[in-house]
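Here are some notes to read alongside the model. Have a look at it first, then work through the points.

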Amino acid sequence: MNHFALTIIGRDHPGIVASVTEILFRLGCNIADSSCTILGGQFAMILILSPLKG
C-alpha cells in the first residue's frame, strides 16, 4: 500500500485539525499516523496518509 507524508505549518487557531482532516477525508485519504506540535510559535503537523480502502 502506498503511503504519503504531508506537512502543514501555519498560524495556530481553533479548529485547524478538524478543517484539515475534513478536507483529507473528502479527498479519500486515511490518516495512518500523525504528529502535532507548536514550533517557533507556529502550528506544525505531520501526517502519514494512505488511500481509503473500499
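1. Start just past helix α1, where G28 has a positive phi of about 85°. Helices here are DSSP runs (H or I, at least four residues), strands are E runs of at least two, and both are numbered from the N terminus.

2. A word on the source: this is a predicted model, where local features need pLDDT of at least 70, side-chain atom pairs count only at pLDDT 80 or more, and totals for chains, interfaces and linings use all residues. Residues are numbered from 1 along each chain as its sequence is written, and side-chain values use heavy atoms, leaving out hydrogens and water.

3. Now the layout. The protein chain has one helix and three strands, in the order β-α-β-β along the sequence. Its C-alpha trace spans about 40 × 20 × 10 Å along the principal axes.

4. Which residues of α1 are buried? In this helix (residues 16-26) they are I16, V20 and L24; buried means under 20% relative accessible area, exposed over 50%, partly exposed in between (1.4 Å probe, protein chains only). They sit on the same side of α1 because they cover an arc of only 60° around the axis, taken from the directions from the helix axis to the C-beta atoms.

5. The face of α1 turned away from that buried side carries exposed F25 and R26. Cover for the buried residues includes β1 (4-10), β2 (29-39) and β3 (42-51).

6. Across the protein chain, buried residues make up 20% of the 54 residues.

Methods: Contact means heavy atoms within 4.5 Å.
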